[in-house]
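This report walks through one protein chain, from its overall architecture to a few individual residues. The sequence and the structure come first, and the description follows.

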Amino acid sequence: MRIAFLVERNIYFRFFGEIIDMALKRGHQVFCLHDYSQPRTGSKGYQFPDINQIPKFKSGNVISLEYKVENELIEKILQNNIEVVVSLNFFEAQLSIKNKLKAINLKISQGFV
């Protein structure tokens with residue numbers, strides 16, 4: 001299975017880390033899609049989801065890709081034949097992403113997984 005995790009902040013790996021590691025251990029191909037539209041400066045700039053700061057996983061490596069806008073995210077999902085998308089949340093701003101992905105029958109997991 002091809003699974004993508006939406007990484008909006010680098011702290012998301014606190015929640016995703018063990019899940020990603022287990023998916024890799026089970027032989028799934030894991031993608032981390034990093035939201036590069038997040039601010040790099042300011043009071044939370046240190047949480048920017050930099051691809052170069054991705055943690056190491058015991059059971060293998062992930063494929064990290066960046067995106068900046070909604071259409072780019074959907075394009076990356078389609079190009080890589082991703083079957084499942086995992087996100088900590090879908091705010092109203094992401095509702096259109098969720099609806100577009102559901103329209104092409106992708107499994108969506110949201111909230112705490």
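Asn81 lies in the loop between helix H2 (70–79) and strand E4 (84–86), and in this predicted model the residue has a positive phi of about 50° although it is not a glycine. Most residues other than glycine have a negative phi. With a relative accessibility of 53%, Asn81 counts as exposed.

**Overall architecture**

The protein chain has 3 helices and 5 strands, which follow one another along the sequence in the pattern β-α-β-β-α-β-α-β. Of the 113 residues in the protein chain, 42% are buried. Among contacts between residues at least 6 apart in sequence, 66% join residues that are at least 24 apart.

**Nonpolar cores**

The largest nonpolar core has 16 residues, and those with the most contacts inside it are Phe5, Phe16, Ile20, Val30 and Val62. Two or more residues of this core come from each of strand E1 (2–7), H1, E2 and E4, and H1 gives the most, with 5 residues. Apart from this core lies another, of 13 residues, among them Ala4, Leu6, Phe31 and Leu65.

Phe5, one of the residues with the most contacts inside the largest core, touches Phe16, Ile19, Ile20, Val30, Phe31, Cys32, Leu33 and Val86, not counting residues up to four places away in sequence.

**Aromatic pairs and Phe57**

The count of aromatic pairs comes to 4. One of them is formed by Phe13 and Phe57, whose rings are 6.4 Å apart centre to centre with 55° between the planes, a tilted arrangement. This pair links distant parts of the chain, since Phe13 is in helix H1 (residues 13–25) and Phe57 is in the loop between strand E2 (29–35) and strand E3 (63–67), 44 residues apart. Both partners are buried: Phe13 has a relative accessible area of 10%, and Phe57 has one of 13%. Elsewhere, ring pairs link Phe5, Tyr12 and Phe16 into a cluster.

What does Phe57 touch, not counting residues up to four places away in sequence? Its contacts are with Phe13, Gly17, Ile20, Asp21, Leu24 and Val62. For Phe57 and Ile20, which are 37 residues apart in sequence, the distance in space is 7.9 Å from C-alpha to C-alpha.

The C-alpha atoms of Ile11 and Tyr46 are separated by 9.7 Å, and the two residues are 35 apart along the chain.

Asp35 has its place in strand E2. How far away is the nearest side chain of opposite charge, given that Asp35 is buried yet has no salt bridge? That side chain belongs to Arg9 and is 8.0 Å away, whereas a salt bridge requires a side-chain nitrogen of Lys or Arg within 4 Å of a carboxyl oxygen of Asp or Glu. The side chain of Asp35 does take part in polar contacts, with Ser37 at 2.5 Å and with Gln38 at 2.9 Å.

Gln38 is placed in the loop between E2 and E3, and its relative accessibility of 18% makes it count as buried. Besides the contact with Asp35, the side chain of Gln38 has a polar contact with that of Arg9. Gln38 therefore has side-chain polar contacts with both Asp35 and Arg9, a polar contact being a pair of N or O atoms within 3.5 Å. The side-chain polar contacts described here are set out below.

| Side chain | Partner side chain | Polar contact |
|---|---|---|
| Asp35 | Ser37 | 2.5 Å |
| Asp35 | Gln38 | 2.9 Å |
| Gln38 | Arg9 | 3.4 Å |

Asp35 touches Val7, Glu8, Phe48, Pro49, Tyr67 and Lys68, while Gln38 is in contact with Glu8, Arg9, Phe48 and Pro49. Glu8, Phe48 and Pro49 are therefore found in both sets of contacts, with contact meaning heavy atoms within 4.5 Å.

Key: Residues are numbered from 1 along each chain as its sequence is written. This is a predicted model: local features need pLDDT of at least 70, side-chain atom pairs count only at pLDDT 80 or more; totals for chains, interfaces and linings use all residues. Side-chain values use heavy atoms; hydrogens and water are left out. Rings of Phe, Tyr and Trp (its six-membered ring) pair if their centres lie within 6.5 Å; planes under 30 degrees apart count as stacked, over 60 as edge-to-face and the rest as tilted. Helices (H or I, at least four residues) and strands (E, at least two) are DSSP runs, numbered from the N terminus. Buried means under 20% relative accessible area, exposed over 50%, partly exposed in between (1.4 Å probe, protein chains only). Lys and Arg count as positive and Asp and Glu as negative; His and the chain ends are not counted. A polar contact is a pair of N or O atoms within 3.5 Å; within protein, one must be able to donate a hydrogen and the other to accept it, and residues adjacent in sequence count only if both atoms are side-chain atoms. A nonpolar core is a set of buried Ala, Val, Leu, Ile, Met, Phe, Trp, Tyr and Cys residues joined through side-chain atoms within 4.5 Å.
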